[in-house]
Amino acid sequence: MPGRKVVILGSGDIGLIMARRMTFEGAEVKLVCELMPYSSGLTRNIVQCLNDFNIPLRLSCTVVGVHGKERLEGVTIANVDETRKPIPGTEEYIECDTLLLSVGLIPENELSRGMGLTLDRVTNGPVVNEYRETELPGVFACGNVLHVHDLVDYVTLESQIAGEGAARYIKGEVQPAEYVKTKGINGVRYVVPQHVNRKSESDVKLYFRVGDVYKNARVKVSCAGKVVSDKKKPKLAPGEMENVIIKAEVLNAMKPGGEITIQVEAI
Amino acid sequence: MHKDMVCVACPLGCSLTVEIEDDKIIAVSGNTCKRGDAYARSEVTNPTRSLTSTVKVCNGKCPVIPVKSARPLPKKLLIDCARELSKIEVRAPIKIGDVILHNILGTGVDIIATNCTREK
């Protein structure tokens with residue numbers, strides 16, 4: 001390993017798991033800094049990746065300076081206010097030879113952009129249908145190029161959906177589609193896929209993410225204004241992808257150009 | 001006395017409380033399933049964790065192979081076990097489930113491969 005004394009910036013699941021990983025590899029993880037007042041990682045990861053090894057987690061805190069020339073010698077951290085700006089006078093020097101940045105992922109869309117595909121402003125990935133086919137027929141997108149996933153299991157499932165779609169396309173089994181849109185409102189940040197063929201012969205699973213932490217909330221799904229599902233969820237968090245299934249018969253009953261909305265209601 | 005903890009059995013992360021009297025567990029509350037009850041009892045008496053790491057492969061297509069403990073290990077031995085794994089090197093081919101290290105540090109728990117690799 002290239003370093004021995006580590007500071008980690010970012011306390012999502014990747015930052016937390018890297019803290020444990022580097023500890024196992026013989027490093028001393030001195031601190032995990034988190035800009036936000038909460039960690040976006042799972043509580044179980046805070047317990048078994050930080051608390052188990054007495055690694056401190058500093059919330060509302062960020063790295064404001066890095067020191068050293070040939071090699072990192074230390075970082076300066078500072079507390080941040082509600083607007084995430086460093087508070088002068090709270091700076092603290094921490095000696096370390098490694099700074100691990102775990103500050104979020106962005107889909108790599110050089111190819112998608114080059115092909116002129118429409119990108120979703122929230123996911124930063126291309127707009128797709130239920131087979132993960134982009135607006136360009138025969139071009140499919142899945143995995144972190146489409147939207148950033150928390151669990152690899154979802155990436156596998158998504159690749160199978162796109163693979164099935166690509167096979168149908170090659171075999172010429174694709175009939176002209178009549179799309180209905182999907183939309184996240186009231187706390188739902190985004191929905192993938194962004195549009196679905198209302199003539200779909202099978203049920204369609206919609207994946208979505210919320211923008212805040214909710215305890216005991218309801219997830220409501222409406223098709224053309226009519227509520228088709230209303231489920232209680234003990235916990236919803238921005239870091240955890242959720243999904244709902246839209247039945248084929250519900251889709252078939254919709255009019256072209258209709259809208260499926262997903263929303264959260266706090267109880 | 002009582003002890004508060006967060007369950008790590010699944011991603012839900014229930015807040016648990018264990019009531020203890022004269023070194024005996026009287027009650028577990030806050031759990032929403034049986035696994036939470038078992039976790040709380042083990043956490044008070046003998047805390048355990050699954051270990052995941054990597055082990056070097058000397059002749060493999062991949063330079064390292066991911067491994068895990070076949071069963072949870074005593075929590076206090078985790079770092080020692082990780083150090084033990086950093087010392088060893090295995091030979092390809094390796095299949096998923098192959099025992100990489102038998103009975104690590106006398107715990108009775110095997111370390112097994114969670115991926116496969118062919119020879120270089």
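A salt bridge here is a side-chain nitrogen of Lys or Arg within 4 Å of a carboxyl oxygen of Asp or Glu. By that rule, this predicted model holds 18 salt bridges over all chains.

Let's begin inside chain A. Arg21(A) and Glu25(A) form one salt bridge, with their closest N and O atoms 3.0 Å apart. Glu25(A) has a relative accessible area of 32%, so this residue is partly exposed.

Another pair to find in chain A is Arg218(A) with Asp230(A), whose side chains meet in a salt bridge at 2.9 Å, N to O. This pair links distant parts of the chain, 12 residues apart: Arg218(A) sits in strand S12 (residues 214–223), and Asp230(A) in strand S13 (residues 226–236).

Now turn to where the chains come together. Which side chain does Lys75(B) meet in a salt bridge? The partner is Asp52(A), at 3.3 Å from N to O. Lys75(B) lies in the chain B loop between strand S7 (73–74) and helix H2 (78–87), while Asp52(A) lies in the chain A loop between helix H2 (43–50) and strand S3 (57–58), so the pair joins two chains. Lys75(B), at 27%, counts as partly exposed. These two residues also belong to a network of salt bridges that links them with Glu43(B) and Arg49(B).

Let's step back and look at the whole contact between chain A and chain B. It takes 14 residues from chain A and 17 residues from chain B. Together the two chains bury about 1300 Å² between them, and 59% of that is on carbon and sulfur atoms. On the chain B side, Val8(B), Pro11(B) and Ile79(B) lose the most area to chain A, together making up 32% of what that side buries.

The rule finds 2 salt bridges between chain B and chain A, and the count of residue pairs in polar contact is 5. Strand S5 (52–57) and helix H2 of chain B each supply at least two residues of the side that touches chain A. By class, that side of chain B has 12 nonpolar, 3 polar and 2 charged residues.

Key: Residues are numbered from 1 along each chain as its sequence is written. Chains are lettered from A and ligands numbered from 1 in the order in which they are written. This is a predicted model: local features need pLDDT of at least 70, side-chain atom pairs count only at pLDDT 80 or more; totals for chains, interfaces and linings use all residues. Side-chain values use heavy atoms; hydrogens and water are left out. Buried means under 20% relative accessible area, exposed over 50%, partly exposed in between (1.4 Å probe, protein chains only). Helices (H or I, at least four residues) and strands (E, at least two) are DSSP runs, numbered from the N terminus. Contact means heavy atoms within 4.5 Å. Buried area is the accessible area (1.4 Å probe) that two parts lose on being put together, summed over both. A polar contact is a pair of N or O atoms within 3.5 Å; within protein, one must be able to donate a hydrogen and the other to accept it, and residues adjacent in sequence count only if both atoms are side-chain atoms. Ala, Val, Leu, Ile, Met, Phe, Trp, Tyr, Cys and Pro count as nonpolar, Asp, Glu, Lys and Arg as charged, and the others, Gly among them, as polar.
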